[in-house]
Amino acid sequence: MNHNLTLYNSLQRIKQPFVPIHEGHVGMYVCGPTVYGDAHLGHARAAITFDTLFRYLTHLGYKVRYVRNITDVGHLEHDADEGEDKIQKKARLEQLEPMEVVQMYLNRYHKDMEKLNVLPPSIEPHASGHIIEQIEYIKKILEAGYAYESEGSVYFDVPKYNQDHPYGKLSGRNIEDMISTTRELDGQDEKHSPLDFALWKKASPEHIMHWPSPWSEGFPGWHLECSTMGEKYLGSTFDIHGGGLDLLFPHHECEIAQSVAAQGHEAVKYWVHNNMITIGGKKMGKSYNNFITLEQFFSGDHPLLEKAVPPMVIRFFILQAHYRSTLDFSSAALEASEKALQKLIDTYKRIDTITPAEKSSVEIPDFISMAYEAMDDDLNTPIVISHLFDASKIINGASSGEIKLSKEDLAKLKELFDVFLIGLLGMDFGSESGGSDSSKAFEGAVDLLMEIRADAKAKKDWATSDLIRNKLGELGFNIKDTKNGVEWSVK
Ligand code: ZN
């Protein structure tokens, strides 16, 4: 099959055909979580966006090395250069060792991702495990003349760099505008320019997460870990660097400057950013009182939620929007997603119950090619979903006997759902109804009751057949006798 995947490159601001640097292989780096709190919808959107890209690239036959880092050092309170380390602060407040905080939130993050059916990346490096590499990287930037030491800290010299290379090319900003909107230095400042950012910070006496370096006992600046670990695991140039749009500036802008300074060239071919999630039109954040963690979604334990939301509904809700559009969350929107997903699941289950005809009574569009075309168009998942719904109408028409489908057409419709709904969109019906093993056992038990009922009906044992139907009805089941047998669902 001929595929022409295009991706929107934030650097050139256009969709470009995807051509990997090394034939057959793809290197993908995605900025991962900062582990000092529980994951929320924003984390879910980034993880699901790049999981979809990872699944699609793998499906197309590429061998993908997917690196997603763990930010466990140098992420400070105010901006990248100031305030207490967020993990250290959490450790102080909860009287834990900082690495206990990291592990606790990382375990929870992994659990959330598993529930969302987000595949684990190939490598998950910790910033704290790459201090030596980060020190070596700083040395290269110093040697190139784009950094300076000041009071035991090392800063990237943005104005000096900007004389040779445009700083701000990713975010489309220019240095004059940036200077006019940045607070002025107070004379006491170690930095030469307010735009300079820390590569290494000397640790204050109360700072507990620190390491030895040629400049001071301290810790690396936040932007550095991604340049360093990207180079270490994917080489000095690699294909895709992803992350949320909120990371585009300053984080990714600084990454570009660091790699040009240290390596003499840019590291990344395609910059890919997912857009943000708003809640009722507002930015999501603790200060807006609209901050819902993924755990709260899964349990329903939050005032903005009417009930628990199955993880697959969150995943489907996110994929119903294109990853570059903003996505507004509301209970009503989630409920609509839940209903829509249920319809697709019901349809999918119906495919196997349809008896094939000699010939189809209608012409079936080539949904598979159309769905590939949508995925190739910068991962247009909402269009893929609309094709699934169009295919559903045909499947349901065949199920109710309105139209006939040939064996070949039925097989193609099944393939469409298998490849796109389950494989690429990653809908896992097991976890959708709450844990795959227990839900399989549950479904098996209800199917068994249906068989006993069918057997009773065949023997004209109406008492048993009615008993099963009525009792299951009381327990909240819908039971429908159709031309092709019995269908059941939970009300
Ligand atoms: Zn990063």
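## About the model

This is a predicted model, in which local features need pLDDT of at least 70 and side-chain atom pairs count only at pLDDT 80 or more, while totals for chains, interfaces and linings use all residues. Residues are numbered from 1 along each chain as its sequence is written, and side-chain values use heavy atoms, with hydrogens and water left out.

## The chain as a whole

Of the 491 residues, 52% are buried, meaning under 20% relative accessible area with a 1.4 Å probe, protein chains only.

Among contacts (heavy atoms within 4.5 Å) with a separation of 6 or more, 73% link residues 24 or more positions apart. The accessible surface is about 22800 Å², and carbon and sulfur atoms hold 51% of that; the areas come from the Shrake-Rupley method with a 1.4 Å probe.

Next comes an open sheet of 4 strands in the order 4-3-9-10, with parallel pairing. Strand 4 (63-68) and strand 10 (268-274) are at the edges with a single partner strand each, so one side of each is left without a neighbour in the sheet. On average, neighbouring strands here are turned by 20 degrees against each other, direction ignored. Two strands pair if DSSP finds at least two bridges between them; strand 9 (residues 238-244) and strand 10 have 6 bridges in the parallel sense. Gly243, for instance, has His273 in strand 10 as its bridge partner.

Helix 7 (residues 224-234) lies across strand 3 (25-30), strand 4 and strand 9, and runs at about 160 degrees to strand 3. Such angles run from 0 to 180 degrees between N-to-C directions, with axes fitted to C-alpha atoms, for helices over the stretch in contact.

Helix 10 (residues 311-319) is mostly covered, with 9 of its 9 residues buried. The buried residues include Arg315, Phe316 and Phe317.

In helix 4 (residues 131-144) you will find Ile131, which is buried at a relative accessible area of 7%. Leaving aside neighbours within four places in sequence, Ile131 is in contact with Trp200, Trp211 and Pro220. Ile131 and His210 are 79 residues apart in sequence, with 9.8 Å between their C-alpha atoms.

Terms used
Helices (H or I, at least four residues) and strands (E, at least two) are DSSP runs, numbered from the N terminus. Buried means under 20% relative accessible area, exposed over 50%, partly exposed in between (1.4 Å probe, protein chains only).
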